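Here is a short report on a structure, arranged by topic. Please look at the sequence and the model first.

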Amino acid sequence: MRKGLALLAAMLVLVAACGSAAPAGGQTTTAPAGPTKGGDLVVVTGHEPQTLDHHLATGVYDGYMSFTLSNGLVRTKPDGTIEPALAERWEIPDPMTYIFHLRKGVTFHDGTKVDAAAVKFNFDRLFDPATKSSRAQPRLGALKNVTVIDDSTVKVTTKFPFGPFLGSLAIEPIAVIESPDAMKKAGVADYGTRPVGSGAFIFQEWVQGDRVVFKANDKYWGGRPNIDTLTFKIVKDPSTRLSLLQTGAAHFAVELNPPDFINLQSSKEIQTTAAPFDNTLFIEMSNIQAPFDNPLVRQAVCYAIDKEAIRKTVLQGLAKDGYGILPTTTWAKNTEAERYSYNEAKAKDLLNRAGLPNGFTTTFWHPTGRYSGDAQVAQAVQGYLRKVGIQAELKTGDLTSWASAMRGTAPDKPGAPMYMRGWGVSGDPDSQIYVLYHSKNWGLAGNYARYKNTKVDDLLEKARLETTQEARKNLYKEAEAQITKDAAACTLYDNVRLLAYTKKLHDVRIGPLEYQFFETAWLDR
Amino acid sequence: MRSYVLGRVLVLAAVLFGTSAVVFWTVRLLPGDPVDYLVAEVATPEFVQNLRAELGLDRPVLVQYGVWLGNVLQADLGRSITDRKPVIRHIADRYPQTMTLTLASMLVATLVGVAAGILSATKPYSWFDNASMLAALLGVAVPVFWLGPIFILIFAVQLRALPAAGSGGVEYLVLPALTVGLASAGLIARMTRSAMLETLSQDYVRTARAKGLRERFVVLRHAFRNALLPIVTIVALQTGFLMGGAVIAEVIFAWPGIGLLIVESIYRRDYPMVQGTLLVFAATFAFINFAIDLLYGVLDPRIRYSA
């Protein structure tokens, strides 16, 4: 009836009237004089941390939060080199001993001191079976003992000479140092919801499913951050993240869809960055399952794929061209690595020689939404394989399905015959190449492809025992060359993270990990 | 009446039991298990085995179900595998948000749908009628995951009238409620229209008009009142749709409700969470329908079932 219609019309008019202000124009930022203080920064991400207990970190974004509120003894610069954090300097008197000298006068957010006892407590708790940290052994298993020398000196020993050790301490969220007092008071069950660290930002609250909020630490040893509060809003939908950025409700958005990213590149208000992150994307094949147990077949697959074209068209030039197995962001990258160039004829020829002139059928597992454009890249790869006679049936699912499909059920029981996977360098190249290609890591431990070459095993082990970067770099070069020759996997490209943020935001520290750091960031006011 | 109520309660119990069983089995059909998610990239095989044993995942499925069901009957929904907190805690935290969204959507759907339906029925085949029925058809056809981003684009990004996503004050509720509600309003409008046309053609309506009653009175007091039964039915049935739509809307609008929780828990294969939240979800739906069933008795004195 008329009243109802009138009411409806009135409501619509009201809504329109609220929004009659013209959309905020893009003000070009005049050259800023220097960091302005104050402001509440909002970052939108697609994942929620599972826990804020640094020792129990497992998921993609758990480390992100831990690094925001805490520090480790050391940390990495964007270029991958290691710099002091809670330890202001250190010595390595022998390959199995590290002596760290802690910064003086640093306190945790609850006022307790950051001293050698605190460091020892953290590592003891990490390896305590009652804590049940899944990362402790695989990532820091080389650690033997932590001893307090005096209030500000700690001695850490390893079970064997382990080149990657310092890098692990820099990268691993499990290696950050948090307040023993807080951990004791909360107990293992509760600490994950109220962590206390010594970092630039103090944890305020975690509203499950919605946001994690931090506020600036006035007493931060690196200088008080410029912004007042930092909020990570959890928004699963990438288009919604984009909308929030466009309306100004968020200042920084992580992981956008490639087409949205491309559109934003011409925006006057928003800055886009395809940040390289220490991650190479591979097509891996099960080395112990026919027909992929024949190296000729694997090489054929590598020749069949036009990586260049995929990078340029599917990803619109957004991914970086890699060199080889190790991504371009690590110090051990090999700029002269041999690679498989696109050669359809050669691929067909190799298949002939392998006794498969008519190709074969197989299954190809890929993730969707884990890496930018992953599903489209998989389709492109399927297309290329079809041209040489390989019929690959595509399979996809969520993260857990994909993970379990790749791993298989036991070291000698592989999973999918062919799959897409990215793997990164966490602080040290060993964390990628050793995990992926050493034969004792078959299965869940990381070598999903079940690759085995004793020569490579030797080289990788030697590289762990060496402590000079130069020597290790050469060993990795040799290992990489052999792995490539064996075509254990085909590298596609170096992954990037598609980030976008308002041009009013400055000095965000991006990379090399999957995270971004806001200690030095500031907003135009 | 009492035996009717009793009968309905038994049906309710059976539905819940059946739902719990179905949920329990189907979530385990998904490849991977909670441990696969927890260890994410790398772990030692011993750790994995220990964790599986600890979570009771190595026992036969039937045993696991029995244990879980036993606990449920003692009002214990277990603990989330992800953070070891009680499932009930998580649900209690997020449930009100979803209910707010569902009720708001229901309000939108009912008000818009009923109003449009009544108006259409009073002037059948007029321009208004044709237009609103077309809109109703579109509303039924258009999916929530399309309408949502469109609304965000128009009202948030272009007009800056409303926030794009998140929660907070009432302004955050408007777009999600409209998105879910309007889709359902279409169906309610059509149902209302046909129910009204039916009653408006009845003899008693003609009598009421002959008596000289004002048209508004005739339409609302007599025709509408009698058309209520089918309308209420459809609104009740729409609850399920609205709750489902709320889940989708929660993802799009980053509305921190139980729907988002369910989606997350499925990704993580957090079995206790999935089972617990879906059970609560199903119970809500079942209870609402149960209440509506009882409401029939109130609305129409003819429907007082005897044994």
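## Conventions

This is a predicted model, where local features need pLDDT of at least 70, side-chain atom pairs count only at pLDDT 80 or more, and totals for chains, interfaces and linings use all residues. Residues are numbered from 1 along each chain as its sequence is written, chains are lettered from A and ligands numbered from 1 in the order in which they are written, and side-chain values use heavy atoms, without hydrogens and water.

Helices (H or I, at least four residues) and strands (E, at least two) are DSSP runs, numbered from the N terminus. Buried stands for under 20% relative accessible area, exposed for over 50%, and partly exposed for values in between (1.4 Å probe, protein chains only).

## Chain B overall

Chain B has 12 helices and zero strands. Its C-alpha atoms fill a box of roughly 85 × 60 × 30 Å along the principal axes. Of its 307 residues, 51% are buried.

## Helix α6 of chain B

Helix α6(B) covers residues 127-141. The expected span of a helix is 1.5 Å times one less than its number of residues. For the 15 residues of α6(B) that gives 21 Å, and the end C-alpha atoms are 21 Å apart, in agreement.

Six names make up the buried set: Phe128(B), Asp129(B), Ser132(B), Met133(B), Ala136(B) and Gly139(B). They cover an arc of only 120° around the axis, so they sit on the same side of α6(B). The arc is taken from the directions from the helix axis to the C-beta atoms. The face turned away from the buried side carries the exposed residues Trp127(B), Leu134(B) and Ala141(B). An α-helix has 3.6 residues a turn, so residues three or four places apart point the same way.

Val456(A), Asp457(A), Leu459(A), Leu460(A), Ala463(A) and Arg464(A) are buried in α15(A). Their arc is only 165° around the axis, which puts them on the same side of α15(A).

Leu465(A) also belongs to this helix, residues 454-465. Leu465(A) counts as partly exposed because its relative accessibility is 44%. Together with Met96(A) and Phe160(A), Leu465(A) forms a nonpolar patch on the surface, with about 240 Å² of accessible area. Patches are made of residues with over 30% relative accessible area and no salt bridge: like charges are joined within 9 Å, nonpolar side chains (Val, Leu, Ile, Met, Phe, Trp, Tyr) within 5 Å. Accessible areas come from the Shrake-Rupley method with a 1.4 Å probe; for residues, only the protein chains shown count as cover.

## A hairpin in chain A

Strands β4(A) (residues 87-94) and β5(A) (residues 97-102) run antiparallel, joined by five bridges. Two strands pair if DSSP finds at least two bridges between them. Asp94(A) stands opposite Thr97(A).

Most residues other than glycine have a negative phi, and most peptide bonds are trans. Lys132(A) has a positive phi near 60°. Lys132(A) lies in the loop between α3 (116-127) and α4 (136-140) of chain A and is partly exposed at 34% relative accessible area.

Ala254(B) has a positive phi of about 50°. Ala254(B) sits in the loop between α10 (215-253) and α11 (258-267) of chain B and is buried, at 1%. The peptide bond from Ala290(A) to Pro291(A) is cis, with omega near -5°. Pro291(A) is in the loop between β12 (270-285) and α9 (295-304) of chain A.

## Salt bridges

The whole structure holds 29 salt bridges over all chains. A salt bridge is a side-chain nitrogen of Lys or Arg within 4 Å of a carboxyl oxygen of Asp or Glu. Lys348(A) pairs with Glu344(A), with the closest N and O atoms 3.2 Å apart. The two are four residues apart in helix α11 (residues 344-353) of chain A, so about one helical turn separates them.

In chain B, Glu215(B) and Arg209(B) meet in a salt bridge at 3.0 Å, N to O. Elsewhere, salt bridges that share partners join Arg75(A), Glu83(A), Arg509(A) and Glu519(A) into one network.
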